[in-house]
Amino acid sequence: MDIRLHNTLTREKQVFSPENPQRVTMYVCGPTVWSYAHIGNARPPVAFDVLFRLLQMKYGAAHVVYAANITDVDDKIIAAAAETGRPVGEITALYETIYREDMGALGVTEPTYRPHATDHIAGMIEIIQTLIDKGHAYAGRDGVLFDVPSMADYGKLSGRNRDEMIAGARVEVDGGKKDPADFALWKAAKPGEPAEARWDSPWGEGRPGWHIECSAMAKAVLGETIDIHAGGLDLIFPHHENEIAQSECAHGKPMARYWLHNGFLSIDSEKMSKSIGNVKLVHDLLKHYDGETMRLALMSAHYRQPLDWTESLLDQSKTTLDRLYNALRRMDVEAEDTGAPKGVVAALCDDLNTPQALAELSALATEANKSEAADWPRLKGQMLAAGRLLGLLHKNPEDWARGDASDAKRIDALVAQRIDARQQKDFAAADQIRKALAEEGIEIMDGPQGSTWRRV
Ligand code: AMP
Ligand code: ZN
């Protein structure tokens, strides 16, 4: 079955055909690790994780190479270091770990590569030098700038006209720009900036501009032309437009063949962003909701559409998962090794139509609930295979029924501690555990077989 993807570059849905089916390449712009990720930041990793899974199914897991970078040098990181007095490396290591844990909780598969910007400075310098040599860049007062008028088809991704581009270009100190649309490739170090965020270069000490990081990392781990490049809608301009300018002027070939962009996640119909201050951090949400519930909520809208994040969306997602897990639980048999059901695959092949895929999965659960035992191995196999493709239903249905599976482990441990306390006749400690759990709505039931618990 063909995979069709909406390509921002051509503005149409196209059949996806990789340059080399033995090595399908995909790059998704990753986070700047200066703080916690909000749930909007999780939309690209989740949406393109579904694509990664679909590509792996079609081309074979060994033939898909997926890179998602970590931006570990940036103004915001330097500001966070200055504010807290902590070294840059400590801040980036901490927030990268948290990011990876949070994404893991949302069922995001580890990409094949996670390149770090600071490991690729030499590659960035090399591209910048090539651009200077080819007449596409020049050294200005505060570093090196890309010469926008030197590229005939600059602006082809966003389709912006010149005035809009100038208005949208990051307001940087003009740094000796020849043209207002020119952008920074290399930024000269400013006095007081930490030693960890400056490198030697032919243009003096400094650090790379943001866009050049991705041009260098994509080239280093995937190659000069990649199949798919993706990220959030806000990256089309200037970030991806400028990545195209740098990579294509340096290498003389297309940077990526398919460009994919996800729509924005909003809260109360307003874009979720740190600058507006209306963010919900993944880390905090995970204290109240299971990661799988959040993943399903993120997949409930098509990735290109806006998605409004509300409590009722989360409640509905939880109810949907309860229903799916209950259907699995009822089918108390070994699952057959079936492939993913056609309807689910067809929906995902149609530009990653996750709402349709979820509707198909739900229909399977309905069928399963009405089915005879003879059909269970097949139906269970199909549900689980669909789940693997979507990154859902990997938990034990019994654990799910008892509450959040990871939470279940924590509660089991507390119940065991209480039994210990009672055996040691520390009734005060035992009571305290019972009370704490009761406050969470969890009741402990003591019986001749030991203690069990349930949510009330
Ligand atoms: P940032 O750390 O701001 O560079 O964002 C990391 C990724 O999250 C980028 O691909 C952004 O496009 C994406 N992103 C940021 N905010 C949102 C949002 N509210 N909804 C969807 N994607 C977002
Ligand atoms: Zn990027």
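Predicted model: local features only at pLDDT ≥ 70, side-chain atom pairs only at ≥ 80, totals over all residues.
Colleague: Which residues are the closest to ligand 1, and how many surround it?

Modeller: A shell is read from the residues around the ligand. Here 13 residues surround ligand 1, and the closest are Gly232, Asp234, Phe264, Leu265 and Met272. By class, that shell holds 5 nonpolar, 7 polar and 1 charged residues.

Colleague: Where does Asp234 meet ligand 1?

Modeller: A polar contact is a pair of N or O atoms within 3.5 Å. An oxygen atom of ligand 1 is 2.3 Å from a polar side-chain atom of Asp234. Met272 takes part through its backbone, where a polar atom is 3.0 Å from a nitrogen atom of ligand 1.

Colleague: How much of the accessible area of ligand 1 does the protein cover?

Modeller: On its own, ligand 1 has 490 Å² of accessible area, and the protein covers 87% of that.

Colleague: Now Asn7: is this residue buried or exposed?

Modeller: The reading rests on relative accessible area, with buried meaning under 20%. Asn7 has a value of 1%, so Asn7 is buried. Asn7 is found in strand β1, which spans residues 4-7.

Colleague: What does the side chain of Asn7 reach?

Modeller: The side chain of Asn7 reaches the backbone nitrogen of Trp259 at 3.0 Å. Leaving out residues up to four places away in sequence, Asn7 touches Glu12, Gln14, Arg257, Tyr258 and Trp259.

Methods:
Residues numbered from 1 in each chain as written. Chains lettered and ligands numbered in written order. Heavy atoms only, no water. Near = heavy atom within 4 Å. Polar contact = N/O pair within 3.5 Å; in protein donor to acceptor, adjacent residues only side chain to side chain. Areas by Shrake-Rupley, 256 points an atom, 1.4 Å probe, with all protein chains shown as cover. Nonpolar A, V, L, I, M, F, W, Y, C, P; charged D, E, K, R; others polar. Helix = DSSP H or I, 4+ residues; strand = E, 2+ residues; numbered from the N terminus. Buried < 20%, exposed > 50% of the residue type's maximum accessible area, 1.4 Å probe, protein only. Contact = heavy atoms within 4.5 Å.
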